[in-house]
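Subject: Structure handover

Hi,

Here is the structure for your files. My notes follow it.

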Amino acid sequence: MGSQNNTVPFAGTKEQESALLKVIADHKDDKGALMPILQKAQGIYGYLPIEVQTIISNEMNVPLEKVYGIVTFYSQFSLNPKGKFNVSVCLGTACYVKGSGDIFTKLQEMLGVEDGGCTNDGHFSLESCRCIGACGLAPVLTINEDVYGKLSVDDLEGILAKYK
Amino acid sequence: MYRSHVLVCGGTGCTSSGSAKIIDTLQAEIIKNGLKDEVAVVQTGCHGLCAQGPIVIIYPEATFYAMVTNEDVPEIVSEHLLKGRIVNRLLYKEMITENGIKSLNETDFYKRQHRIALRNCGVINPENIDEYIGTNGYEALGKVLTEFTPDQVIQSILDSGLRGRGGGGFPTGLKWKLAKGNDADQKYVCCNADEGDPGAFMDRSVLEGDPHVVLEAMAIAGYAIGASMGYIYIRAEYPIAVDRLEIAIGQAREYGLLGKNIFGTDFSFDIELRLGAGAFVCGEETALMTSIEGNRGEPRPRPPFPAQKGLFQKPTILNNVETYANIPQIILNGPEWFASMGTEKSKGTKVFALGGKINNTGLVEIPMGTPLREVIEDIGGGIPNGKKFKAAQTGGPSGGCIPAEHFDIPIDYDNLISIGSMMGSGGLIVMDEDNCMVDIAKFFLEFTVDESCGKCTPCRIGTKRLHEILDKITNGQGTMDDLQKLEDLCYYIKENALCGLGQTAPNPVLSTLRYFKDEYIAHVVDKKCPAGVCKALLSYIIDEDKCKGCTLCARICPNGAISGKVKEAHLIDQSKCIKCGACMEKCKFGAISKK
C-alpha cells in the first residue's frame, strides 16, 4: 500500500490545484467530507502525494497526520503515481481457485516489479485487487479500463504486447 | 409501440465481455435495416447466468442468445428481427431439446429459482424509473405512507421472519424496532453496499439491475424508525452500480419519491451516496459508520449498538442491499407470503453467487433450505472436466468449507453454522480435487492479514502468526505440534478479537482442519501436497523411458540440478532443484512430470 517512498518528483499544475481548491470549497461543509474530497483529489492528480495532502490539510483545517492516516488506511488511495497502463490482477477467491495466483506471479516476473510497483519508464504498474465481481470470467485481469477474462499464463505476452 | 424489444445485459460480467459494443452495433444495424421505429434496444441488469455472457434476449419471443459476439449482431438483426428466423447456433444450448426449443424458465439453471430480490434484474431498464414503477415500484412506499403506522411496518417485517442477508442473520424487524424505540432529533438509515467478500456479487447485481428497489426500501425503513436521511455506502470498485444509483436518486427526487413531503404526506426522506475506498473491514457496521464520518474505517466496541448511537452518534439502522431488496415485496404481498418460503428459522430466499470450479457460474436465487447438492449439480451444472467435488466454500474469509459428506445439507443460516461455516453474503465457491485445502486456508489468511485494520492485537498479530504457520506447513517445514498451535491460536483469536472480521478470521483454518486434516497431515508428515499445488512439496521427475538425452533440460536448469550424458537418460538432483518448472516447460518429449 502506501509504505513505499515515492521517487517520482511532484509535478502538479496550477490547473490541478485550482480544481482541487474548488472541490474543497464545494464540499468543505458536508458531513464527513474528507473521504469524498480525497477521492476527488486522487481523480485530479492520479495519486495523493504529500503535497496534495498538505493542501487538503491546510484548506480544511485538519491535521496532516489525520489526512495521512486516512490515505494510508484505504488501499484505493495511492501515494505513488501509477504507470501509464495499470495492470490489476484479481486475487478474489473465484479467480484464485482458477489459477490467478500463477498469473500474478508470471506478471511480476515479466514486468520485473512487485505488487504495487511501477516499471522504471513509468509505462506499466502492477497491482493485485480483490474481486471486481466478474467471477463468471475468472481468472480476470484489467489494464486501465479493459477487462481480460478466462485467462491462462500463455495469454499474458500477447495481452501486454498490445500496450507496448 | 415497438414490436420487439432487444434486452442486452449490462451487468459487470457481460460488460466485461463486450456487451456495450454489442448495444452500439445493434443500434447501428437496426437503423441500417430500417427497423428504428419497430425495435427497441434496452440495456438491463444481470440475468445471473454470467458464464454464458454476453447475453441478448429478444421479446416477445423471449429468445435467449448466449455468448454473443459483436460479429454475430448483423445476423441477429437481419435474420431474427427482419425475417423472423431464430438464429439457432446462438441459442443457449440448454434450451434446445429434441422436441424443439423449451422456455428459459424450464432450463435447469432457472427452473428451481425463485426470484424476489432479483425479480427485476435483467427484466427492466435500471436507468428508467418508469420501468420500475411499471413493475409495482414505489407502490409499497405509497401503501406504507398512506395505510400503515410505523409500528405496523415494523410488525410486518418482524412477522415475515426476514433476517439480515449480509452475513450475520440478525432479524431485520428487531433491528428496526430497537432503533425506533430510541428518541433523537435525527436518525439515520444506512445501506451496506460495501460488498467485500471476494466472489460475492449479488449486491452489485441488484444495484446495477434494480437500483430503485433499494431507495424505496430505505425510505420505508426511514418512515418506520423515524429517520429523514439515508446513506448508501458503496464500493468504489463498482463504477456501473454507482452510476446507476446516482441516476436513480436523481429520478426519484424529480418524481417526488425522495425529498420533502413524499406522496403529499408530512414524511420527508433523502439519500446520499458515499464511496468506499477499498477496505474490507468497512463492511463491519461500526467501521462502516466511522468511514462515512470521514475517518479511518476502524470498528469500535459494542455496546453502544448503532440502534442507540450509530452514525454521527445518532440512532442508526444498517441493512445490506439484498435485505432491502426483499422489503417492498414483503409489504405488497404480506408477511405470511414471505414466511411461507424457506425453513423454520430462515425464511424467504437467498441469492448465491456461484463461482470457482462450476459450469454455470453466476447468480441464483433459491428458497432457503435448498440442498447444497441441488445447487451445485442441478442449478450449477456440476463440476467442469469430469473432476471430483472436494468442497464448497461459503461465507468468504469469515466462512468455512463444506465437504462432500455434507453435500445433502439444506442451506440455511443455522445449518451452515452447525457445520462450521456460515451464510455470509452468499458467495459459494466450488473447489475440486485439484485445489489444496491448506493452500486455500493460507489464501484466506493472507487476505485477512492484509485487511486487518490493526486496531486490536488478537487480529493484527494473531492472523499474521496463523499465516506464518500455514506458510511453514505449505513449505514442508511444519510439525504435528504446529497443527495443535494452529488450532489453539484460532480459538484464542475467535474469543478475543474486537469485531466480526477478527472473530471469524480463523474460520477457514478451523473448518479445513476439521474436514481435511488428512491433507494437513500429508503436508506435515509425508511432506506431500496431495492436490499438487504447494510448489515446495512437488518433485520434478524425469521418466527414463521417455528421455532421449537431448541435454536441453540440463542446459536450461538455472541451478545446475540436472545431469546426464548425451543420448542417455538424465536425472534431477532433488537437493539442488528449486522447482521452477523450466525443464518441464521446455522438454520436447514430455519426459518430465511433477509429483
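In α19(B), Leu486(B), Glu487(B) and Cys490(B) meet Val509(B), Leu510(B) and Leu513(B) of α21(B). Contact means C-beta atoms, placed from the backbone, within 7 Å. By class, this contact has 5 nonpolar, no polar and 1 charged residues. Ala, Val, Leu, Ile, Met, Phe, Trp, Tyr, Cys and Pro count as nonpolar; Asp, Glu, Lys and Arg as charged; the others, Gly among them, as polar.

This is a predicted model: local features need pLDDT of at least 70, side-chain atom pairs count only at pLDDT 80 or more, and totals for chains, interfaces and linings use all residues. Residues are numbered from 1 along each chain as its sequence is written, while chains are lettered from A and ligands numbered from 1 in the order in which they are written.

Helix α19 (residues 480-496) of chain B packs on helix α21 (residues 507-515) of chain B at about 135 degrees, axes 10 Å apart. Helices are DSSP runs (H or I, at least four residues), as are strands (E, at least two), numbered from the N terminus. Axes are lines fitted to C-alpha atoms, for helices over the stretch in contact, and angles run from 0 to 180 degrees between N-to-C directions.

Now the chain contact. 39 residues of chain B touch 30 residues of chain A. The chain B side divides into 15 nonpolar, 19 polar and 5 charged.

Chain B also has an open sheet of 4 strands, ordered β9-β8-β7-β10, with parallel pairing. Strands pair if DSSP finds at least two bridges between them. The edge strands are β9 (270-275) and β10 (316-320) of chain B.

Best regards

Methods: Two residues are in contact if their C-beta atoms, placed from the backbone, lie within 7 Å.
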